[in-house]
There are 2 protein chains.
Amino acid sequence: MRGNEPTLGQLGEFPMIDRLVSGRRQPATTELGPGDDAAVVRCADGRTVVSTDMLIEGRHFRLDWSTPHDVGRKAIAQNAADVEAMGARPTAFVVAFGAPAHTSAADAAALADGMWAEAGRLGAGVVGGDLVQADSWVVSVTVLGDLAGRTPVLRSGARPGGTLAVIGDLGRSAAGLRLLRDGVAGFDDLRRRHLAPEPPYGQGAVAADAAAQAMTDVSDGLIADLGHLAAASQVTIDVSTAGLASDHQALVAAGAAVGADPWSWVLGGGEDHALVAVFPSTEFPAAVPVGWRVIGRVADGPARVLVDGAPWSGQAGWQSYDG
Amino acid sequence: MRGNEPTLGQLGEFPMIDRLVSGRRQPATTELGPGDDAAVVRCADGRTVVSTDMLIEGRHFRLDWSTPHDVGRKAIAQNAADVEAMGARPTAFVVAFGAPAHTSAADAAALADGMWAEAGRLGAGVVGGDLVQADSWVVSVTVLGDLAGRTPVLRSGARPGGTLAVIGDLGRSAAGLRLLRDGVAGFDDLRRRHLAPEPPYGQGAVAADAAAQAMTDVSDGLIADLGHLAAASQVTIDVSTAGLASDHQALVAAGAAVGADPWSWVLGGGEDHALVAVFPSTEFPAAVPVGWRVIGRVADGPARVLVDGAPWSGQAGWQSYDG
């Protein structure tokens, strides 16, 4: 709520939607944007990639930590990462937003501005949405994406002998969350990363073009997400901590400040939306695309994830219902 | 919550998702269904129609009135109607579902069953989703649709001289809501219609093929939704109550039972998701497709909706923030 700004309850649904929608510049793929019963998005590929994520206030974000702009960026980023992880590019988003009547129109507009800022980095548009009354903020985003003729890169394609590689940072968001919870000053960059992640946009398509066998984004935690990939592919994945030294190094000071082991963030922290993929190895070391870091290998064996050849005993990652 | 059924909190996110997803039969348009970072849906048309709606427990449905199966059907139906209103056919849905940890797994499964039952009537599939913890139920659905080469039918295309026609029932859902609120017995069919609407599936494409100039579905209320169409088209729409006599007649007994004017339901009640369209009139009376009922005409004049040539003084329809 802000001083002279009307609330959603005062402004009403349709005037608020007009304010959220007006003046936005849609990309060429948006054949019909907001304002009708539905939008129309081009899919020249003959296929549409689609994924959805819901963010709940108090569970996925806190409005005393995140600005509405941050929440908008994060909601777009985490959906975009799911499309990237298929080897596709995001083209369009639709957004359902639930909020109390006392929410300021300025905060709702800032949420939309954050979404547009992040979508703009992808060349994508927000093409439609829904605005409803709710007891607290609920932000539900669906992303559409374009494979541009590529074969989708599944979780199930990893084969023994493959090389595991990552692009994007690991552990930053989890470290930032801990710093926010503990109220520890400094480390502004890590806190920012929790509030608005920086996925490696464009690299999903790069990996697909480099013949990636399997890919996923790190949304729940590296070990947890690799666990899904290992299960889908029925392989053993062996992660090498040597390959993750730069992530660990970046978090040592923050770990010392809050008394935490940086490895728990690197291996168990999600929400940075790094991309992790398996590339075929015809030689060793395998060729991976520029900027990707080799962090392990795929072996024949039961579906499991090892760390330096041994089971990992720390927390693997996040679940929606974790008691 | 049910006797021996585990709760979402006991079962956990991923086992619950497995239960929701397993054994479902995807249509041919689903190239890749649930289980990876995103789904892949065919769009042979080169365009995807997309729309989203969020349902909030206590605001859009009550779990003491609706079964979870009803909620699932309603969430799919109202999204499907938005795609129909463009002249397209729904092909795929993604669903984000927020619910408390104490929600029974059986209730979550019944929600999904209801979604699949309704999607199945359309030949569409539920291709992906998200499951998160929330204080109460939140159901956010996004629908994808296929125009099959048709030009989308917008709200903005109505021209003076056009014939206004409707297919599907009006006022049933509003009557059912009032009966539920007042706890009046009998009229089971009307209560059912509120809990699970029956949109006229397939008729959006029929209208598009019959050269409909403009179309929308009645989600907020006939006068309210025609108001959007009149504003987008910059025309005056004159609704004839003579054309709505059958809807009125069907609600007379219920109106008497609760002391309400059936016209307020027919003209102001939403959520039945009838389709209302404007057809070009080269002759009078105009030819409209089989099953469509002529309920008025489009005239030159300011953007407004008249009833029998005069302004309507009753409630026009529903808004998300209505104080």
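1. In which sense do strand β2 of chain A and β3(B) pair, and over how many bridges? In this predicted model, strand β2 (residues 39-42) of chain A and β3(B) pair in the antiparallel sense over 4 bridges, where two strands are said to pair if DSSP finds at least two bridges between them. Within β3(B), T48(B) is the bridge partner of V41(A). Helices (H or I, at least four residues) and strands (E, at least two) are DSSP runs, numbered from the N terminus.

2. Because the model is predicted, local features need pLDDT of at least 70 and side-chain atom pairs count only at pLDDT 80 or more, whereas totals for chains, interfaces and linings use all residues, and side-chain values use heavy atoms, with hydrogens and water left out.

3. The contact between the two chains, with contact meaning heavy atoms within 4.5 Å, takes 65 residues from chain B and 66 residues from chain A. Together the chains bury about 5,000 Å², 58% of it on carbon and sulfur atoms; buried area is the accessible area (1.4 Å probe) that two parts lose on being put together, summed over both. Of the area that chain B buries against chain A, 18% is supplied by D37(B), Q133(B) and Y321(B), more than by any other three residues.

4. Across this interface the rule finds 6 salt bridges, a salt bridge being a side-chain nitrogen of Lys or Arg within 4 Å of a carboxyl oxygen of Asp or Glu. Side chains of opposite charge can pair when their charged atoms come close. One of the salt bridges joins E31(A) to R47(B), with the closest N and O atoms 3.5 Å apart.

5. There are also 21 residue pairs in polar contact between chain B and chain A, both residues at pLDDT 80 or more. A polar contact is a pair of N or O atoms within 3.5 Å; within protein, one must be able to donate a hydrogen and the other to accept it, and residues adjacent in sequence count only if both atoms are side-chain atoms. On the side of chain B that touches chain A, strand β3 (residues 47-56) of chain B gives the most, with 9 residues. The residues of that side divide into 34 nonpolar, 17 polar and 14 charged, where Ala, Val, Leu, Ile, Met, Phe, Trp, Tyr, Cys and Pro count as nonpolar, Asp, Glu, Lys and Arg as charged, and the others, Gly among them, as polar.

6. Within chain A, the domain assignment gives domain 1 (8-146) and domain 2 (155-311), with bounds that come from an automatic or database domain assignment. The C-alpha centres of domain 1 and domain 2 of chain A lie 27 Å apart, and 18 residues of domain 1 are in contact with 23 residues of domain 2. These two domains of chain A bury about 1,700 Å² between them, 56% of it on carbon and sulfur atoms. W65(A), K74(A) and E84(A) supply 35% of the area that domain 1 buries against domain 2, more than any other three residues.

7. Across the interface of domain 1 and domain 2 of chain A the rule finds 4 salt bridges, and K74(A) forms a salt bridge with E271(A), the closest N and O atoms being 3.5 Å apart. On the side of domain 1 of chain A that touches domain 2 of chain A, α3(A) gives the most, with 9 residues.

8. Finally, chain B holds an open sheet of 7 strands in the order β8-β10-β7-β11-β9-β12-β13, with mixed pairing. Its edge strands are β8 (214-217) and β13 (310-311) of chain B, each of which pairs on one side only.

Technical notes
Residues numbered from 1 in each chain as written. Chains lettered and ligands numbered in written order.
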